[in-house]
Structures are given as C-alpha cells and as structure tokens.
Amino acid sequence: MISKRNQKCTFLNDHLCTYLDYHLYVLPLSEYGYVFEIDSKGCGLIVDYHCTDWYNNENLYINKALVYNSVSLFKLIDNLEYITFNFSGSSYTITREHCPLNKNIEQKINDNEFISEMMKLFETN
C-alpha cells in the first residue's frame, strides 16, 4: 500500500494514478511532458520526462526541479521509498533515506551550492 495524507491507496488504484498524475502535472518539469510508472513491489515511482537533461539545465533548472520534486513527492506519499527520474540523456534515482526532507527547500532552492550538494545524493546512470 502507498499512503497519502489522510487516505490510503494501493499502488494499482486508479485514484492513486490520478492523484500522482495531478501532482506531477503541477510540479516543475511537467512542461516537457512525462509518463510515469509505479513499482508496487519496491514502493517506487519512475517518471520518464520527454526532454534531455543536459539541454534544458540553464541556471540548474533541471537540478533544482529534481530536488524540489523529490522532496514534494516524498512528503506527499508516506511510504514511497524511491523515485527515478528518466530523461533521454540520463537517469536520476533518489531514496527516501537520502532525500533532504527536513531541510527548508523553498528557501534554499535558488542556492546553487546547496543544489549541487543535494544532487550528490542522487544515483545517476
């Protein structure tokens, strides 16, 4: 089971897919288009973006979005264990254990040094 605040949903529940789709739609990077897959056995989320990470990373936009989106999704879904973000150039995976959930991301998101440090928490392929 995957849980949202105040509601429990199974990974295969249509309501959960709608819930995730809505939240991905309002997060940064949605402007490039995406599809997502739920790993119900590993309690993970795989998001495939329709863009190349190295092409659109002016002012660390992609990196900032990955950090922000990770924190947002882990805070929204209590038992989400990992997230993989796929681009045509690379993949980035972060686990709940390594995500900076206790940091005030909104105040630090424009600090390029902070973002660079947070990106070291992602496993890249």
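Tyr 22, Tyr 25 and Val 26 together make a nonpolar surface patch of about 370 Å². The structure described here is a predicted model. Tyr 25 has a relative accessible area of 58%, and because residues over 50% count as exposed, Tyr 25 is classed as exposed.

## Helix H2

Helix H2 runs through residues 61-76. At 1.5 Å a residue, its 16 residues should span 22 Å, and this agrees with the 22 Å between its end C-alpha atoms.

H2 is mostly covered, since 12 of its 16 residues are buried. Among the buried residues are Ile 62, Ala 65, Leu 66, Val 67, Val 71, Leu 73 and Phe 74. The buried set also includes Asn 63, Lys 64, Asn 69, Ser 70 and Ser 72.

## Aromatic pairs

A pair of aromatic rings is described by the distance of the centres and the angle of the planes. The structure holds four aromatic pairs. One of them joins Tyr 34 and Tyr 49 in an edge-to-face arrangement, with 6.3 Å from centre to centre and 65° between the planes. Tyr 34 lies in strand S3 (residues 34-39) and Tyr 49 in strand S4 (residues 44-49), so this pair ties together parts that are 15 residues apart in sequence. Residues under 20% relative accessible area count as buried; therefore Tyr 34, at 14%, is buried, and so is Tyr 49, at 5%.

Phe 87 and Tyr 92 form another edge-to-face pair, 5.9 Å centre to centre and with 80° between the planes. Both of these residues are buried. Ring pairs also link Tyr 34, Tyr 49, Phe 85, Phe 87 and Tyr 92 into a cluster.

## The largest nonpolar core

The largest nonpolar core contains 34 residues. Those that touch the most other members are Tyr 49, Leu 66, Leu 73, Phe 85, Phe 87 and Phe 122. Several parts of the chain contribute: at least two residues each come from H1, S3, S4, H2, strand S5 (82-86), strand S6 (91-95) and helix H4 (112-119). H2 gives the most to this core, with seven residues.

Tyr 49, Phe 85 and Phe 87 belong to the aromatic cluster, while Leu 66 and Leu 73 are among the buried residues of H2.

Notes
Residues numbered from 1 in each chain as written. Predicted model: local features only at pLDDT ≥ 70, side-chain atom pairs only at ≥ 80, totals over all residues. Heavy atoms only, no water. Patch = residues over 30% accessible without salt bridge, like charges linked within 9 Å, V, L, I, M, F, W, Y side chains within 5 Å. Areas by Shrake-Rupley, 256 points an atom, 1.4 Å probe, with all protein chains shown as cover. Salt bridge = Lys/Arg side-chain N within 4 Å of Asp/Glu carboxyl O. Buried < 20%, exposed > 50% of the residue type's maximum accessible area, 1.4 Å probe, protein only. Helix = DSSP H or I, 4+ residues; strand = E, 2+ residues; numbered from the N terminus. Expected span 1.5 Å × (residues − 1). Phe/Tyr/Trp six-rings, centres within 6.5 Å; stacked < 30°, edge-to-face > 60°. Core = buried A, V, L, I, M, F, W, Y, C linked by side-chain atoms within 4.5 Å.
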